[in-house]
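This report walks through a single protein model and a ligand that it holds. Please keep the sequence and the structure in view while reading.

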Amino acid sequence: MGLPEHGTAVSAPGKVMLAGGYLVLDRAYTGLVFGLSARINVIAQEIHTSKGVHLTEIVVESPQFLEAQWRYGYHLAEADGGIKVTQLQVGSHLTANPFVETTLNFALTYIARTSKHRPTHAVKSARLTILADNDYYSQPASPSAPTSNSSNSSSTTTPPASTLNALTTSRFARFPVPLSGAHKTGLGSSAALVTSLTAALLSHYLPTSLFDITSAEGKKILHNLAQAAHCAAQGKVGSGFDVAAAVYGSSLYRRFSPSVLSALPEAGTPGFAPALEKVVKDEEGKIWDAEILKDKISLPEGMAVRMCDVDCGSQTVGMVKSVLAWRAREGEAAGELWGELQRRNEHLAGALRGGRTGEVREAVRGVRELVRKMGVESGVPIEPESQTELLDALEGVEGVYGGVVPGAGGFDALALLVRDDKETEARVEEFVKGWSREKGSRVRLLPVRGEMEGARKEELGVYEGWIR
Ligand SMILES: Nc1ncnc2c1ncn2[C@@H]1O[C@H](COP(=O)(O)OP(=O)(O)OP(=O)(O)O)[C@@H](O)[C@H]1O
Ligand SMILES: C[C@@](O)(CCOP(=O)(O)O)CC(=O)O
């Protein structure tokens, strides 16, 4: 498979919230958010049809997974409802991908509205290829065999067998399962996907005078559009820190008011297109009130953020709901705890930003102490005992400054602040191997690390073998 000459590629990073989980749901508080080196890449290409064939469809595929192709037709919805896609059947069955479908509705509507062409002329057939870095999903035990993929072999890109071994051990693994069977590691795949798919569509269809991912205005449009699409696809309004990280990379994050999106009609319903354009462009800067402060987040020289995947079979549902119920119930005591926790989170951010490596360990301990208190008082295992034991033990490994349960916490992940050298990495790997043996859990140090940069354009050559 040669190198394709045409197309636009973008990538957006995953996320980890080092401190500020739960608090960040309220605009009175902030979160310390890091973008990650694991990216979701989307390549947009024109589909060339034979002469006389008037095919208009958008094909989205994730060639790393089985049965991961979604094809859509589209039409202009009446009464300014925007461009609405309809999924087309591929082979014998139809698997929905709500994040892809909603993103197409939002991005294509914005494109048709903004471009100078007639709406349906603005959107020609295209193929979007999604490639996710390996750390988003746990790796299969053994490399997958080539599959014939009979149901959609006509259009799914299957790398030739000769390159398959290399691909399974290289940047983009092939998984022997459909996307629904992949085990996620919690790095924010949906936010990175929605952001990079939105950016790929905007870059593909609009001239740089209307969308330029490298400019501040372009990032603003991407952020507002991706937040709106992600919230609609999720069916709820979270803090949006994951989309902010996907667009801007690491930052100190204060959320937008939920009311920003509450007046937006559903995609395809009357008035959706002008309402979306207005909220995305926010021409007077009065609609969006999120604060995404990039210069407030940095690390001391020689320090890295690393992640561990903890696979121990425990799951916790409804954590956010239970913590917020506790806060509503215990207004005053909870408010005091959150106030002090916010101060400690800011102190940690200050120590990291100021390069005060010597203060980091104590600052992390201070944060963890109150996170545990919040957990005990709300009855939610935010930093469960098994994680406390592991984090305390990891502090004893030379080169580890400290670690936390990131985001909402729970049993399944850790974020560590470590000395950024091979020796520390080897010691942590050795330690978690021993811990897994001893405790009967599976703890893995992921290759992924904190990174400052957000969504960006990529060279097509990176994806050789995966696109045509
Ligand atoms: N490689 C991919 N190709 C296509 N769609 C994907 C891909 N990765 C993720 N998605 C979409 O994102 C959904 C997963 O989103 P979900 O919010 O459950 O996970 P997440 O964002 O990784 O979770 P977390 O917020 O815990 O990190 C999938 O069901 C699919 O719709
Ligand atoms: C609990 C919360 O504050 C953080 C959730 O983070 P994560 O998905 O566990 O990385 C929710 C949110 O900010 O949307």
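## The shell around ligand 2

Around ligand 2 there are 13 residues, of which Gly21, Gly238, Ser239, Gly407 and Ala408 come nearest, a residue being near a molecule if its C-beta atom, placed from the backbone, lies within 6 Å of it. By class the shell holds 8 nonpolar, 5 polar and no charged residues; Ala, Val, Leu, Ile, Met, Phe, Trp, Tyr, Cys and Pro count as nonpolar, Asp, Glu, Lys and Arg as charged, and the others, Gly among them, as polar. Because domain 1 (8-294 + 453-463) and domain 2 (302-450) both give residues to this shell, ligand 2 lies between them, with domain bounds taken from an automatic or database domain assignment.

## Basis of the model

The model is predicted, so local features need pLDDT of at least 70 and side-chain atom pairs count only at pLDDT 80 or more, while totals for chains, interfaces and linings use all residues. Residues are numbered from 1 along each chain as its sequence is written, and chains are lettered from A and ligands numbered from 1 in the order in which they are written.

## Overall form

The C-alpha atoms of the protein chain fill a box of roughly 70 × 55 × 40 Å along the principal axes. The secondary structure comprises 13 helices and 13 strands, counted as DSSP runs (helices H or I, at least four residues; strands E, at least two) and numbered from the N terminus.
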